[in-house]
Amino acid sequence: MSEQILVTRSSMPTMEEYIEEIRPIWESHWLTNMGEKHEAFQLELQKYMGVPNVELLTNGHMALELSLQAMNLQGEVITTPFTFASTTHAIVRNGLEPVFCDIDPETYTMDVTRIERLITDRTCAILPVHVYGNICNMEEIERIAHKYELKVVYDAAHTFGETYKGRGIGNFGDASCFSFHATKVFNTIEGGAVCYRDPEMGRRLYELKNFGIHGPEEVDAVGANAKMNEFCAAMGLCNLRHVDEEIAKRKVVVERYLEHLEGVEGLHLSRPQPEVRSNYAYFPVVFDEKLFGASRNEVDDALAKNGIGARKYFYPLTNTFECFHNKYDVDETPVALHVAKRVLTLPLYSDLALEDVDRICKIVLELRR
Ligand SMILES: Cc1ncc(COP(=O)(O)O)c(C=O)c1O
């Protein structure tokens, strides 16, 4: 049997490139607190993402949590449960109430036809997720937000490097929150960023990420600590040089998967979206047991037996988490529940060998009955 294949593998520069990047940190002894690398990376990101404003943070979760806090919101936030724990936790940890909207069965993003009926006089914001890098119906979300005067914060953790109608994906909504976690298309080991519209939001984010400190003797706000350190920023500078190449390699892997799996009865695959430059972040497959002949769990087990790590991403739904003690009714998001029970994301990273993709697909297809 060949070696183990994990669901993802972090992109890294050569060690030499990273050492060159961190050499000045050794010389200056400046390890964190908005040093040279932090400032350089923030600027490079702004250019790459084509956005007017970006604030670096320790991780994508703090990007979400502090964005909501920066907006001084109260009441209910419309979101989806088909996401990583972070999205819902960011809402709850701000003392806000998540209101779960179902998802679209094609893109797995918020079903925009269901948003308006969830709006009450307590709704303050919409927090949609560009899940797997599939872009939400932003025109409709922003039309609704404008009509009801709601804030829009996108969970853009999966969308680094994507564009919509030629514009960087960070340009939409009041804020878009990115994750640069080790498992993402682009990583800074741990890290995150917020792209935002209003400069006042930038000032708030800065004080929230740095204890509210404005000067050596000036603390104006009750902030947290969510600063990106110099080593992470240096990793970001290195990985940013190669990210387009990484995305191009991912595309080749995805195309190989499609060669094997497209059109197979009982498998539902994500379609390319019009006017979106994709980053090929994930390869989710929804298994219809009756039509395909094997369930998602059977496929997952068969892959695991062969040393291949797929992931039930996103299962369970966040509105069923034990920490919420049955507070939410999962029957209100039936499409999300349907998908969560059947979805499996297959291994995908830039240097996944095409022969390994062939092997993975062979194992999957052999389960057809
Ligand atoms: C959809 C989504 N939102 C938020 C996060 C949180 O990002 P981080 O792990 O960088 O805190 C993640 C990922 O890990 C994610 O997948």
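This is a predicted model: local features need pLDDT of at least 70, side-chain atom pairs count only at pLDDT 80 or more; totals for chains, interfaces and linings use all residues.
Local features were taken only at pLDDT of at least 70 and side-chain atom pairs only at pLDDT 80 or more, whereas totals for chains, interfaces and linings use all residues. Residues are numbered from 1 along each chain as its sequence is written, and side-chain values use heavy atoms, with hydrogens and water left out.

Helices (DSSP runs of H or I, at least four residues) and strands (runs of E, at least two) are numbered from the N terminus. Two packed helices are described by the angle between their axes and the distance between the axes. Axes are lines fitted to C-alpha atoms, for helices over the stretch in contact, and angles run from 0 to 180 degrees between N-to-C directions. Angles under 35 degrees count as roughly parallel, over 145 as roughly antiparallel, 65 to 115 as roughly perpendicular and the rest as oblique. A crossing is left-handed if the near helix is turned anticlockwise from the far one by less than a right angle, and right-handed if clockwise. Contact means heavy atoms within 4.5 Å. Residue classes are nonpolar (Ala, Val, Leu, Ile, Met, Phe, Trp, Tyr, Cys and Pro), charged (Asp, Glu, Lys and Arg) and polar (the others, Gly among them).

Helix H2 (residues 36–49) and H7 cross at roughly 25°, and their axes come within 7 Å. H2 is therefore roughly parallel to H7. Their crossing is left-handed. On the H2 side, the contact is made by Glu-36, Lys-37, His-38, Ala-40, Phe-41, Glu-44, Leu-45 and Tyr-48. H7 contributes Glu-230, Ala-233, Ala-234, Gly-236, Leu-237, Leu-240, Val-243, Asp-244 and Ile-247. By class, this contact of H2 with H7 holds 10 nonpolar, 2 polar and 5 charged residues.

The axes of H3 and helix H6 (residues 199–209) come within 9 Å and cross at roughly 120°. H3 and H6 are therefore oblique to each other. The crossing of H3 past H6 is right-handed. Leu-66, Ser-67, Gln-69 and Ala-70 of H3 meet Met-201, Arg-204, Leu-205, Leu-208 and Lys-209 of H6. This contact of H3 with H6 comprises 5 nonpolar, 2 polar and 2 charged residues.

Helix H9 (residues 296–305) packs on helix H11 (residues 354–365) at an angle of about 135°, with the axes 9 Å apart. H9 is therefore oblique to H11. The crossing of H9 and H11 is right-handed. Val-299, Ala-302 and Leu-303 of H9 make the contact with Ile-360, Ile-363 and Val-364 of H11. The contact of H9 with H11 has 6 nonpolar, no polar and no charged residues.

A cavity is a set of points where a 1.4 Å probe fits but cannot get out; a pocket is an open set with protein on both sides within 12 Å along at least five of seven lines. Lining residues have an atom within 4 Å of a point. Grid points are joined across faces, edges and corners, and a volume is the space filled by probe spheres set on the points.

The largest pocket has a volume of about 500 Å³. Its lining numbers 31 residues, with Phe-84, Thr-183, Lys-184, Tyr-282 and Tyr-313 nearest the centre. Helix H3 (60–70), helix H4 (85–92), strand S8 (175–179) and strand S15 (343–346) each supply at least two residues of this lining. By class, the lining of the largest pocket divides into 14 nonpolar, 12 polar and 5 charged residues.

The second largest pocket has a volume of about 390 Å³. It is lined by 20 residues, and Ser-270, Arg-271, Pro-272, Ser-278 and Tyr-280 are the closest to its centre. Helix H7 (230–261) gives the most to this lining, with 3 residues.

The whole structure contains 1 cavity of 30 Å³ or more. The largest cavity holds about 50 Å³ of space. Residues lining the largest cavity include Thr-183, Lys-184 and Tyr-282.

Most residues other than glycine have a negative phi, and most peptide bonds are trans. The Tyr-313 to Phe-314 peptide bond is cis, with omega near 20°. The Tyr-315 to Pro-316 bond is also cis, with omega near 0°. Phe-314 lies in the loop between H9 and helix H10 (334–342), and Pro-316 is placed in the loop between H9 and H10. Lys-165 has a positive phi, near 50°. Lys-165 sits in the loop between strand S6 (163–164) and strand S7 (167–168).
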